[in-house]
Structure formats: C-alpha cells, structure tokens
Amino acid sequence: MRRSLVVWCPQWSLVAAYQDDSLPEITPGIPAALVHKGAIAQCSREAGEAGVRVGMKRRDAHLTCPSIVLAASDAHRDYASFQRVIIDLIACVPQHSLIAPGLVAFHARGLARFYGSEEASARMLMDAVHRSQPLATARVGIADDLFSAVIAAQHTTALYPVRAVEPGQSAVFLADMPIAVLEDEATVSLLGRLGVRTLGDFVALGVEAIRERLGTRGEELYRLATGLGGSPLALNDAPVDTEETIDLPEPYSLTEQVAFAIRTATQQYSDRLRRAGWVCTQVRVTLSFDDATVHERTWVHPRFFSASDLVDRVRWQLDQCFRDRAGEDTDFPPGLIAVRYAALDPEEAYAHEPGLWGHGPDSRVHHVLSRVQSMVGASGVLTASSRRARVAHESHALTPWGDTPPVEKNPGPLPGALPSPLPATVFSTPHTVGVIGADGAEIVVSDTAELSAQPHWLVSGSRRRKLRSWAGPWPVWEKWWDPASSRFIHRLQVVDEEGIGWLISATEAKHWHIEARYD
Amino acid sequence: MSPALTLEGAPPARAEVHALQQRIHAMQKTTVEHRVFPVSQAVANLFPERGLSRGSIYQVDSSASLLWALLAEPSQSGTWCAVVGAPDLGLAAASEMGVNVDRLVVVPHPGEQWFAVVAALIDVVGIVALGSIPAPSDHMLSTLTGRLREREATLLVRDAWPRSEASIQVRHQWSGLSQGSGMLHEHRMSMSSTQRHGHPVRTCEMVIDAWGAHEQTHHAPVIDIAHHRQAG
C-alpha cells in the first residue's frame with residue numbers, strides 16, 4: 001500500500017462547460033446545470049441556492065428555477081479540458097494516475113520528500129490547478145490507500161480544503177462515513193434496508209458474514225471499508241499536448257502565404273503526435289484574425305491527417321473565410337495571425353498502421369481524391385449516399401469526400417415524393433422559365449389549383465419548346481413542419497416535341513421554374 | 001529494312017501462315033474480353049464487344065438516363081465512376097436504374113482545372129463522364145488518350161471529340177401524359193451508335209419504368225386465330 005494524495009476539483013463538468021466556446025450561454029455566476037439522460041448531473045451554486053438538486057428531472061429543474069440554463073453533459077469535454085490541467089501539473093509532479101475527469105491521484109511520499117511535507121505539496125498542487133484553470137477550485141485528500149484519500153478529498157470544505165488521514169488511521173476515518181460512499185447502488189440499498197448506515201457498521205458485520213451474503217463483491221467492499229483495498233496507482237507519464245497554436249510573424253491575407261508559413265510547424269506538430277503514438281482522425285482548426293474574429297471548424301478524415309492534409313484543411317478553411325467575408329465593406333482584407341489545431345479523439349497509431357501488403361486499393365482512391373480536393377477545394381469532390389429525395393432538388397444527398405455522410409434514421413414513406421421513374425437530371429439551381437398558353441399569355445395557377453389556360457409553350461431564354469402533352473398541377477407543401485424552409489408549390493409534368501419530359505413548378509409568387517428533366 | 005517487310009524472298013509456308021493466323025486470332029479474343037467494362041443487358045447491343053472498351057473515348061448524347069444506364073453494371077461490379085463538370089444529377093434516379101452510387105464521385109465544378117482533375121481521376125476511376133467543359137486542345141487530347149490507354153480507363157464526353165470510338169445518339173419517347181391528366185410512367189429510349197471504323201450503325205431500345213431500366217422485348221406477333229378458323 002502506497003500513501004496516496006488525491007486532487008479533486010468539485011463541479012469539474014461545469015468548469016469544462018464554462019470553458020467550452022460552443023456553449024456561450026453557460027457562464028459562471030448564473031444558475032446553470034448539466035443534464036445527463038434527462039436528469040440533472042451537476043448544477044452550479046446559484047442553481048443549488050434556487051433549489052435545484054442533482055438527480056432532479058429536467059422539467060422539475062425548470063419549474064424550480066425558471067431562469068436555469070441547461071446543457072448536455074459531455075464526458076469527452078470533461079476529459080479533454082482536464083487533460084490540459086494535468087499537462088500543466090507536470091511541471092510540479094511527473095507522474096499521475098487519472099481516476100476520472102476532475103479527480104487525479106499521486107504518490108504522496110515522493111511529493112512530501114521533495115516539497116518538505118504533505119501539507120506543503122497539497123498547497124502547491126492546489127495553487128498549480130488554480131493557475132492552470134482559474135475557474136476551478138481544488139481539494140486535496142491524503143491517506144494510506146486510494147479509496148480513503150478520495151473520500152477524504154470529497155469531505156473537505158472550502159475553508160479547510162486539505163484533509164490528511166494519519167498513517168494507519170484509515171479504518172477509523174472511514175468508520176464514520178455513510179454507507180453510500182461505496183458507490184454500489186444495489187449493495188448500498190440492500191445494506192440500508194438491513195439497517196447498516198455507516199462503513200463502521202458494515203465492517204462490524206465481519207468478513208465471514210459479508211462473504212456469505214454478498215460474495216466476492218462484498219469482500220471487495222469490505223476491504224475498501226477497512227482501508228486495505230483500493231488498487232495500487234497505475235501511474236502514467238504526462239499526456240501529450242494534442243493542441244498546437246502556430247502564431248504567424250505578421251498578419252497574412254493570402255492563402256498561399258499562410259500555407260507556406262505554417263508548413264514546418266504543422267509538420268512538427270504531426271511528428272510530435274506520431275512520436276507519442278497518436279494519430280488524429282478529427283481535428284478542430286481555429287483561425288484567429290487581426291480584427292479579433294475567430295473562425296472555427298472541425299474536419300474529419302477517413303484515415304488520419306498527415307501534415308500536408310492539415311495544411312490543406314487550413315487552406316480550404318481560409319478560402320471559405322475569405323469568400324464569406326468578401327461582401328464586407330472593409331478597406332483591408334482581414335489578416336490571419338494564428339492557426340490552432342486541436343486533435344479531437346486522437347487514436348493509437350498502431351490501429352492505423354498499413355498492413356504488410358499495403359492497405360488495399362481504397363487507400364489509392366482516397367489518395368487521388370484528396371489530390372483532386374486540393375485542386376478544387378474540399379467541397380468540390382462529392383460522393384453520393386444512397387438516400388431517397390422527397391424534393392427533386394437533392395443536393396443534400398451529396399457529401400464532400402472524407403466527411404461522414406448524413407445517416408437516414410428512419411427510411412419510412414415519403415409523402416409528396418415524386419413517383420417512379422424519377423427524373424435523371426435534377427437542376428441544382430432551378431431555372432426560371434415561362435409557361436405560355438396558345439394565345440401567348442403567361443399561365444398562372446389559381447387558388448383552387450387550376451391552370452388559367454392549356455400550356456402550349458415552354459420558354460427558356462431565347463429557346464422555345466412546343467409542348468405535346470402535360471399533366472397537373474399537383475399542390476405540394478414541402479417541409480410544412482419547418483417554417484424557415486417550407487414552401488408551397490404547384491408541380492406540372494410536361495413532354496415537349498422531342499419527347500423529353502420536364503418537371504416544372506410554380507411558386508406562390510407565380511414564377512415558373514424547371515426543377516428537373518426526364519431525359 | 002527488316003526481313004519481315006521485304007517483298008522479295010520465298011513465300012512463307014502455308015502451315016506457318018496458318019499458325020500465325022491462329023495465334024493472332026487467339027490473342028485478339030483474349031484481349032477483347034479483358035479490355036471491356038461490361039454494360040447492362042439493356043444497352044449492351046450498342047457495342048460490338050458488349051461493353052465500353054477500356055482506353056477509349058465515347059461520345060454520348062447528353063441524356064442522363066443513358067449515362068446512368070452505362071454506369072449501372074460497371075459500378076455494381078466495383079469500378080469507381082466519376083462525373084466531372086455536371087452539377088445537375090438525379091442521383092435518386094441513378095440508384096433506381098441500378099447505379100451503385102457509393103462508387104460514384106462527383107466533381108461538379110472543376111472550372112479551368114478540368115484537365116488536371118480528369119488526369120488525376122483516371123488513375124483510380126474506371127469510367128469518367130464529362131459534362132460541359134471547354135474544348136480541349138490537340139495537345140491535351142493526345143495526352144489524355146495516351147493516359148486513358150495506359151490506365152485502361154474510359155471517357156464519356158458530350159461533344160464531338162476527334163478519336164472517339166463511337167458516338168451514341170438517343171431519341172426519347174415518354175408516355176403516360178395526355179392533355180392535363182396522367183403522369184409520366186414509361187420512358188422509351190431508341191439509341192443508335194455510330195462506330196468510328198465504318199461499321200454498321202448499331203441500334204437498341206431501352207424502356208425505363210417504375211421497375212427500372214430493361215431491354216425492349218419484342219412480343220411475338222399475335223396471330224388472329226379467329227380469322228384462321230373462318231378460313232379453314
């Protein structure tokens with residue numbers, strides 16, 4: 001048994017949420033809470049004062065405190081933000097054992113020897129956590145075994161943030177603790193019904209009786225409760241920093257300048273990850289401009305990012321930025337001052353090693369398509385996913401190469417879908433046309449869905465097609481559930497003299513568009 | 001001058017000529033079989049080898065249904081297909097006609113770089129279909145044909161390019177609509193392919209309906225039994 005020192009950051013998930021830029025509405029000082037599976041998982045002090053409790057249902061929390069801001073809890077976010085704290089702690093202590101986000105253990109003996117005493121090392125670690133993450137508070141528990149140390153840390157107060165259990169006193173310390181600290185719901189509930197309230201009562205039952213009634217699991221709990229259990233610390237070296245910020249020497253406003261400037265640093269970043277045995281399949285690229293604006297985007301790779309892939313992503317993102325801002329009325333184009341990579345979910349490199357006989361023809365396809373992407377841009381190379389389209393306009397069925405295709409969850413019936421056979425050509429931008437009757441007047445659709453005359457001509461620009469037959473109009477109310485993108489149209493199928501079919505539609509504004517061609 | 005090209009000398013033995021002919025014949029047969037992307041039954045009649053020959057350029061009508069009919073079988077058998085410079089695609093129709101859209105790559109707007117894009121794609125993609133793109137120069141064309149032959153890929157173009165293997169024309173006929181009622185339910189396509197080397201024009205008919213694309217089947221002529229009975 002090695003004496004352990006545990007650093008615990010209460011409410012870590014909330015601290016992580018405060019840091020998350022995608023949750024701007026969650027800030028310190030307001031009633032806020034994180035929700036997991038419909039119940040409150042963690043709530044801020046302000047929410048607690050208003051009566052919100054952990055475990056409450058979401059709607060009850062809203063009733064208790066109408067101004068509460070809720071967000072989904074995210075284990076990945078907690079973990080990633082705590083990782084940064086650990087990286088900063090490495091300056092003080094080289095090896096750690098991460099128990100959960102917000103809970104990390106160290107060997108106490110080495111720390112006490114180096115910093116003079118356990119108390120001094122605890123103070124030092126608390127300061128280090130505070131420096132790394134000013135929003136977080138740290139508590140420290142020290143005991144002979146890991147379980148007691150965690151319990152000790154969790155039973156500190158803001159006023160006395162350090163609690164040390166004297167050597168050999170773990171069993172005495174634990175005896176007063178409520179049985180619920182065992183965190184084994186089934187057993188705790190059973191023991192509660194048997195009238196066992198504290199760990200002391202539990203230990204008093206005797207190991208024989210516990211083994212008989214609860215089996216090996218009970219024996220494990222008994223060992224924990226006597227201060228003998230708790231696995232030895234599995235120590236790890238410092239995690240690799242999976243983020244990198246590249247500061248540019250001066251603001252650049254040309255894509256090629258930037259690509260040239262970041263190439264070496266990106267290569268170093270990629271090499272650093274590879275040396276640590278990681279590859280990244282998902283990366284968040286953040287571009288900071290000199291006018292204090294920031295552009296952020298997450299990129300996914302079907303295999304993993306190499307350095308040149310990363311540079312390509314920065315170029316595409318920058319091109320998109322400049323395109324988006326081209327309409328802005330500014331004297332100078334914005335200059336890029338920093339590029340930041342954050343590898344999300346880095347994966348073990350060995351899972352991505354090529355096989356002994358190369359890695360199949362698909363990697364060649366990927367290589368070539370990536371090359372084409374570097375010529376025409378990320379969204380210039382598209383792959384299709386087989387999904388049906390309600391609307392003739394179906395550009396959403398295509399996804400850029402390398403992105404995960406949208407998953408169609410419930411391929412149920414599509415009311416309003418076109419009947420088969422479907423049009424072989426679908427215009428990505430519907431063309432405006434004129435539909436003319438025999439007397440030369442533009443045809444309109446009445447409110448009762450009737451045509452003002454028989455369609456005779458289809459006029460597109462200077463070209464005029466005589467219509468041989470036609471059917472319709474059919475009223476279609478697309479996406480009625482979404483007011484922003486819903487539209488009400490009348491559809492018409494026509495066949496021209498050459499035998500080619502057309503799908504045309506009239507909008508509410510009485511304009512005719514060609515949606516698709518049956519050719 | 002090599003001996004094979006001299007006209008003087010003893011005429012070669014008949015047996016030797018026969019053996020050589022046999023050899024040429026055998027070689028031609030195997031190459032033809034291997035150097036083709038077989039196409040589906042409905043359009044196979046357009047091609048003497050019953051498929052798109054690898055390393056060639058075909059001029060096809062701008063009909064999208066024809067394109068999907070040509071890509072259906074190759075994409076099903078795992079060949080990657082690409083459509084360059086054609087943003088308006090009915091992918092739902094494509095999968096209805098049997099195209100495996102998971103093997104389809106679309107580069108809708110290659111712009112000025114269409115040549116570089118096509119040259120790169122040919123490395124891995126079996127069949128590349130070009131939409132509306134600027135006419136290539138002679139130099140580009142000869143580079144492209146060389147690459148196509150080397151990579152055994154096939155190019156489908158809309159405009160009349162020199163050196164194309166064949167050109168395929170389509171006439172459409174839709175039925176199902178009348179004056180104000182009905183709906184489009186059957187698409188009859190009459191296709192004709194004109195070969196480069198003065199071969200006879202090959203024709204074939206395809207019908208596309210709610211059950212997909214299939215070959216036009218000619219029913220046996222109906223014999224008027226009643227008439228025969230009266231006569232007999």
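# Reading contacts, sheets and cores

Q: Among contacts in chain B between residues at least 6 apart in sequence, what percentage joins residues at least 24 apart?

A: Two residues are in contact if their C-beta atoms, placed from the backbone, lie within 7 Å; in chain B, 64% of the contacts between residues at least 6 apart in sequence join residues at least 24 apart. This is a predicted model, in which local features need pLDDT of at least 70 and side-chain atom pairs count only at pLDDT 80 or more, whereas totals for chains, interfaces and linings use all residues. Residues are numbered from 1 along each chain as its sequence is written, while chains are lettered from A and ligands numbered from 1 in the order in which they are written.

Q: How many helices and strands does chain B have, and what percentage of its residues counts as buried?

A: Helices (H or I, at least four residues) and strands (E, at least two) are DSSP runs numbered from the N terminus, and chain B has 7 helices and 12 strands. A residue is buried if 20 or more other C-beta atoms lie within 10 Å of its own, exposed if 12 or fewer, and partly exposed in between, with C-beta atoms placed from the backbone; by this count, 37% of the 232 residues of chain B are buried.

Q: In what order do the strands of the open sheet of 5 strands in chain A stand?

A: Two strands pair if DSSP finds at least two bridges between them, and here the order is E5-E6-E1-E7-E8 of chain A, with mixed pairing. Strand E5 (97-100) and strand E8 (162-164) of chain A are the edges, and each has a single partner strand, so one side of each has no neighbour in the sheet. From one strand to the next, the twist averages 20°. E5(A) runs antiparallel to strand E6 (residues 103-107) of chain A, with 3 bridges joining them, and Ser97(A) has Ala105(A) of E6(A) opposite.

Q: Which helix packs on this sheet, and which of its residues are buried?

A: Angles run from 0 to 180 degrees between N-to-C directions, and axes are lines fitted to C-alpha atoms, for helices over the stretch in contact. Helix H7 (residues 146-154) of chain A packs on the sheet and touches strand E1 (4-8), E6, strand E7 (139-143) and E8 of chain A, its direction making about 145° with that of E7(A). H7(A) is mostly covered, with 8 of its 9 residues buried; among them are Phe147(A), Val150(A) and Ile151(A). The cover over the buried residues of H7(A) also includes helix H8 (170-175) and helix H11 (207-225) of chain A.

Q: At what angle do helix H5 and helix H6 of chain A pack?

A: Two packed helices are described by the angle between their axes and the distance between the axes. Helix H5 (residues 108-115) and helix H6 (residues 118-132) of chain A pack at about 95°, and their axes are 7 Å apart. Angles under 35 degrees count as roughly parallel, over 145 as roughly antiparallel, 65 to 115 as roughly perpendicular and the rest as oblique, and H5(A) and H6(A) are therefore roughly perpendicular to each other. Among the residues that meet are Leu111(A) and Tyr115(A) in H5(A), and Ala120(A) and Met124(A) in H6(A).

Q: How many residues does each chain give to the contact between the chains?

A: Chain B gives 46 residues and chain A gives 42 residues. On the side of chain B that touches chain A, the elements giving two or more residues include helix H3 (64-76), strand E9 (179-180) and strand E10 (182-195) of chain B. A strand pairing also crosses between the chains: strand E19 (residues 463-478) of chain A and E9(B) pair in the parallel sense over 2 bridges, and Trp470(A) has Gln179(B) as its bridge partner.

Q: How many residues does the largest nonpolar core have?

A: A nonpolar core is a set of buried Ala, Val, Leu, Ile, Met, Phe, Trp, Tyr and Cys residues joined through C-beta atoms within 7 Å, and the largest one has 91 residues, with Trp68(B), Ala69(B) and Val125(B) among those with the most contacts inside it. H3(B) supplies the largest share of this core, 8 residues. Not counting residues up to four places away in sequence, Val125(B) touches Trp80(B), Cys81(B), Ala82(B), Val105(B) and Ala153(B). A second, separate core has 60 residues, including Ile26(A) and Leu221(A).
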